[in-house]
Amino acid sequence: MSSEVVEQAAPLGSINASTDPTFKRKIRAICGENVMECYQCGECTAGCPAAFAMDVAPNQVLRLAQLGFADEVLESSAIWLCAGCETCATRCPRGVALSKVMDACRQIAVREDKPCKQANVLKLHQEILRQISTFGRVHEISLTALYKLRSRDFFSDIFAGIQMFLKGKLGLIPSRIKDRREVRGLFKH
Amino acid sequence: MRYAYFPGCSLESTAKEFGASTDLVAEALGIELVEIPDWNCCGATSAHNLDHELSVSLPARNLGIAERMGLDVVAPCAACYNRMRSAEMELKGNQALRDEINARLTKKYTGAVTVRSALEVFTTPDVLEKVAANIRKPLSGLKPACYYGCLLLRPPKVLGFDDAEAPTSLDRAMEIVGAQPIDWYFKNECCGASFGLSKSEIVVKLVGDIVSNAKKHGANCIVTVCPLCMTNLEMRQAAAGKLRGEDLTMPVFYFTELLGLAMEVPGVKKCFASHLVDVNPALDAIGREPVAAEVES
């Protein structure tokens with residue numbers, strides 16, 4: 001397992017790169033947050049547990065969004081390496097919930113079919129949602145197996161997985177709820 | 001005291017000790033937990049990452065069933081609690097969204113019931129008094145690093161529980177059961193959450209920071225309130241130690257296991273057998289019999 005998690009900082013768009021002034025409105029439409037409130041104090045980046053691994057720092061995500069550099073955000077690793085810990089939203093002196101902005105950017109990136117730099121992270125989330133729409137719950141053993149298959153990462157954690165299985169922590173039989181149809185209905189909107 | 005109980009997906013599998021110890025401790029304290037019938041997954045991290053409405057509607061279905069039961073919800077898992085409570089607050093504040101989602105649900109949520117975490121329910125002054133009265137053998141000698149993690153505390157505007165930057169509820173509970181919780185700097189720092197599976201390098205780094213700081217401040221165990229924190233702290237401490245060139249071996253407990261241990265609730269000790277990291281050094285520190293592992297690690 002590599003200890004090199006720090007991504008090379010992606011060069012920001014040149015001043016001649018095209019910008020999209022509607023980007024910030026798309027974000028606001030999804031999550032209600034106004035990126036223009038940010039005055040770049042850096043508190044979010046300072047408290048972010050995953051910033052060390054990001055190509056674009058959390059406060060830079062907001063700056064890029066303010067200026068309309070949509071692809072620099074939507075195609076970054078950063079938006080997928082956000083752990084959702086809500087430290088940024090808790091500490092922002094301007095009351096901007098960057099955590100919700102990150103959610104919005106992830107949703108826009110998928111909706112607009114942008115190339116995803118952290119495909120495995122996205123695949124795991126999609127697999128979880130697929131399980132929920134099928135069973136109503138997540139079955140951890142088949143989730144892990146299917147995730148490993150789709151991400152082609154077969155062997156890491158195999159020892160821990162076997163340990164967990166032997167300790168009764170990974171049930172063989174998926175539990176499915178009765179009203180799966182109602183849950184499936186929530187996915188179409 | 002009766003609650004609608006939301007176990008969530010992990011309490012029946014990778015966090016089965018949390019589920020088992022919560023049940024046992026609740027029973028010992030006279031708190032009735034009525035499982036929400038036919039509950040569905042709350043959506044956890046994946047729903048809010050990919051689909052905003054889904055992140056509200058999946059919890060909403062469970063809230064609607066609980067409302068029909070006429071009971072407030074208790075959710076031990078930090079992620080489930082955070083998602084359900086966030087959905088509660090959003091549905092209460094947005095009539096249009098509430099109507100849209102309720103149109104798809106047979107049991108509708110109108111805001112009549114609220115969501116609490118297991119930590120919240122077990123650390124109210126009344127319940128702590130009951131715990132104190134039921135202690136058989138205090139956990140003196142145990143020096144836990146109380147690890148709250150993220151989702152039980154943040155964002156404070158939504159959750160309204162304890163103090164997001166300087167929490168004390170878990171520390172208080174540990175003091176009551178006779179332990180000496182240590183003062184340390186990583187009480188509410190993220191463990192890396194769902195990256196445990198998809199980007200474990202991040203978790204290794206963060207777990208290393210957390211466990212190292214706990215050791216530095218004299219902890220002989222870490223006590224958690226979240227299934228994912230527990231799994232990450234147990235699974236990644238060896239790799240983190242290797243990376244840092246430190247011995248980061250550290251037993252980890254769910255807080256309900258320790259409440260149960262102090263009250264000597266029958267059945268609690270069985271939970272320790274399935275931990276991934278041997279808890280016997282911690283049990284030894286408090287003069288308790290070692291437990292045999294279910295399976296040789």
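The following legends describe views of a predicted model that contains chains A and B.

**Figure 1. Overall fold of chain B in the predicted model.** Chain B comprises 15 helices and seven strands. Its radius of gyration is 19 Å, close to the 19 Å given by the globule rule for 297 residues, so chain B is as compact as a globular protein of that length. The C-alpha trace of chain B extends over about 55 × 45 × 35 Å along its principal axes. Of the 297 residues in chain B, 61% are buried. Where contacts in chain B link residues at least 6 apart in sequence, 77% of them join residues at least 24 apart.

**Figure 2. Contact between domain 1 and domain 2 of chain B.** The domain assignment of chain B places domain 1 at 2–119 and domain 2 at 137–285. The centres of these two domains of chain B, taken over C-alpha atoms, are separated by 24 Å. Domain 1 of chain B brings 25 residues to the contact, and domain 2 of chain B brings 29 residues. On the side of domain 1 of chain B that touches domain 2 of chain B, at least two residues each come from helix H1 (16–28), helix H4 (78–93) and helix H6 (118–122) of chain B. H1(B) gives the most to this side, with nine residues. By class, this side of domain 1 of chain B consists of 14 nonpolar, eight polar and three charged residues.

**Figure 3. Contact between chain A and chain B.** In this view, 54 residues of chain A are in contact with 51 residues of chain B. Several helices of chain A give two or more residues to the side that touches chain B, among them helix H1 (23–31), helix H7 (98–111), helix H8 (119–135) and helix H9 (140–151). H8(A) gives the most to this side of chain A, with seven residues. The side of chain A that touches chain B divides into 28 nonpolar, 16 polar and 10 charged residues.

**Figure 4. Packing of helix H11 against helix H12 in chain B.** Helix H11 (residues 200–216) and helix H12 (residues 227–244) of chain B pack at an angle of about 85°, and their axes are 7 Å apart. Because angles of 65 to 115 degrees count as roughly perpendicular, H11(B) is described as roughly perpendicular to H12(B). The residues of H11(B) that make the contact include B:Val203, B:Val207, B:Gly208 and B:Val211, while those of H12(B) include B:Leu233, B:Arg236, B:Ala240 and B:Leu243. The contact of H11(B) with H12(B) is made up of nine nonpolar, five polar and two charged residues.

How values were computed
Residues are numbered from 1 along each chain as its sequence is written. Chains are lettered from A and ligands numbered from 1 in the order in which they are written. This is a predicted model: local features need pLDDT of at least 70, side-chain atom pairs count only at pLDDT 80 or more; totals for chains, interfaces and linings use all residues. Helices (H or I, at least four residues) and strands (E, at least two) are DSSP runs, numbered from the N terminus. The radius of gyration is taken over C-alpha atoms; the globule rule is 2.2 Å times the number of residues to the power 0.38. A residue is buried if 20 or more other C-beta atoms lie within 10 Å of its own, exposed if 12 or fewer, and partly exposed in between; C-beta atoms are placed from the backbone. Two residues are in contact if their C-beta atoms, placed from the backbone, lie within 7 Å. Domain bounds come from an automatic or database domain assignment. Ala, Val, Leu, Ile, Met, Phe, Trp, Tyr, Cys and Pro count as nonpolar, Asp, Glu, Lys and Arg as charged, and the others, Gly among them, as polar. Axes are lines fitted to C-alpha atoms, for helices over the stretch in contact, and angles run from 0 to 180 degrees between N-to-C directions. Angles under 35 degrees count as roughly parallel, over 145 as roughly antiparallel, 65 to 115 as roughly perpendicular and the rest as oblique.
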